[in-house]
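Here are a few friendly notes to read alongside the model.

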Amino acid sequence: MPMKFNRRNFIKNTTLISLGGIILPHNIYSNMKKGNLPKAGLKLSFEPYNLQLKHVFTLANSSRSTTPVMLTKIEFEGITGFGEASMPPYLGESQESATRFLSALNLQQFTDPFRMDEILEYVDLSASGNTAAKASVDIALHDLVGKIMGQPWYKIWGLSAEKTPVTSFTIGIDTSEVVKQKVKEAAGFKILKVKLGRETDKEMIETIRMVSDVPLCVDVNQGWKDKKEALDMIFWLKEKGVEYVEQPMPKESKDEIAWLTQNSPLPLIADEAVQRLTDVQATIGVYSGINIKLMKCTGMREAHKMMNLARANKMKVMIGCMTETSCAISAAAQLSPLATWADLDGNLLISNDRYAGVKIVDGKITLNDLPGIGIGIL
Ligand code: MG
């Protein structure tokens with residue numbers, strides 16, 4: 001039970017020093033004598049929140065209608081940075097694991113938010129895994145530091161707002177009628193993403209082509225098992241106006257995927273096969289590009305390094321997301337001028353966003369000039 005603050009306890013427990021008529025506690029006085037005015041450290045707080053999905057979301061192996069997230073804040077000298085961890089259940093994190101992870105951190109020890117390397121290295125080394133929880137701290141810290149500097153991160157990184165890509169919009173697996181309806185609703189998007197990897201793959205594409213000729217990209221989520229059948233399918237998809245294929249086969253099938261990339265008429269992008277900076281090297285020569293997600297790679301700082309490493313190796317870069325609020329989406333959007341393709345539609349799939357941030361205008365990611373990650377609270 002914390003001791004209730006009252007004047008009697010304060011005087012009883014504190015040696016007071018009188019300095020020019022001002023009474024100061026002894027510890028503050030001795031710090032002042034050393035020239036170190038005590039400075040408050042970073043204050044981290046967090047709150048679990050459940051995102052409501054507008055449509056039931058179906059992947060190759062599962063469906064769901066909510067996504068658990070953790071909303072974080074880092075406060076420093078009256079300025080607040082916002083962050084978020086999105087934790088779809090199949091990735092293994094939860095509000096419970098994030099609570100454990102975040103409760104164990106002591107950010108109060110850091111009194112200079114600009115020491116991002118030092119702070120984020122401490123966060124990363126404090127436990128293994130927990131990549132979304134780590135990202136929630138990274139995003140809040142970036143938002144805070146950008147706000148202190150008065151600039152959005154794309155500018156701090158020297159990127160051009162006009163170079164943002166268009167974003168794809170995901171059409172989940174569903175009945176033919178619902179798919180057609182979803183495609184019609186997505187008329188403003190310049191590229192649609194389709195989840196494949198089931199028996200009904202061709203049917204799904206044909207259904208979309210009945211109502212739209214917009215370019216497509218497909219995400220197989222490791223669903224194809226035979227490389228020759230996969231190659232036939234990729235040729236067929238190219239004829240249907242597909243631009244690239246994400247994670248066609250299981251990430252363990254490296255040799256098959258390398259063969260597929262060599263023979264494929266479309267770029268093949270690693271998603272499940274690449275999580276963090278240390279995974280990028282292994283995808284060179286196996287895939288044409290990588291899909292970077294803040295929740296997989298611990299946040300903006302590592303994502304920026306991954307994008308630069310991939311680009312230096314002539315790999316294509318895609319920036320993707322989970323279902324997230326506009327907080328994590330706007331954070332990812334700061335990096336999007338470095339990406340060939342973006343899949344940043346996670347905030348558009350939910351009905352209870354808590355923030356306003358980056359907008360999609362004519363299908364293109366459109367950054368604003370708000371400092372930090374570019375969000376306001378709704
Ligand atoms: Mg994917």
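**Notes on the metal site and charges**

1. Please keep in mind that this is a predicted model. Along the chain, the donors of the magnesium ion follow the spacing D-x26-E-x24-D. They are D219 (OD), E246 (OE) and D271 (OD), at 2.1 to 2.2 Å from the ion.

2. Where do E246 and D271 sit? E246 belongs to strand β9 (residues 242-246), while D271 is in the loop between β10 (268-270) and α11 (277-283), 25 residues apart. E246 is buried because its relative accessible area is 1%, under the 20% cut-off. D271 is buried too, at 2%.

3. K193 pairs with E246 in a salt bridge whose closest N and O atoms are 2.9 Å apart. Since K193 lies in strand β7 and E246 in strand β9, the pair ties together parts that are 53 residues apart in sequence. K193 also forms a salt bridge with D219, at 3.7 Å between the closest N and O atoms; here strand β8 (residues 216-219) is linked to strand β7 (residues 191-195).

4. Shared partners join K193, K195, D219, E246 and D343 into one network of salt bridges. The total count of salt bridges comes to 19. Another one is D174 with K182, at 3.5 Å from N to O; D174 is partly exposed at 34%, whereas K182 is buried at 6%.

5. On the surface, D226, E229, D232, D255 and E256 gather in a patch of negative charge. Helices α9 (227-239) and α10 (254-263) each give two or more residues to this patch. E229, in α9, is exposed with a relative accessible area of 57%.

Methods. Residues numbered from 1 in each chain as written. Predicted model: local features only at pLDDT ≥ 70, side-chain atom pairs only at ≥ 80, totals over all residues. Heavy atoms only, no water. Patch = residues over 30% accessible without salt bridge, like charges linked within 9 Å, V, L, I, M, F, W, Y side chains within 5 Å. Areas by Shrake-Rupley, 256 points an atom, 1.4 Å probe, with all protein chains shown as cover. Salt bridge = Lys/Arg side-chain N within 4 Å of Asp/Glu carboxyl O. Lys, Arg positive; Asp, Glu negative; His and termini not counted. Charge placed at Lys NZ, Arg CZ, Asp CG, Glu CD. Helix = DSSP H or I, 4+ residues; strand = E, 2+ residues; numbered from the N terminus. Buried < 20%, exposed > 50% of the residue type's maximum accessible area, 1.4 Å probe, protein only. Donors = N, O, S within 2.8 Å, 3.2 Å for Na, K, Ca; no water.
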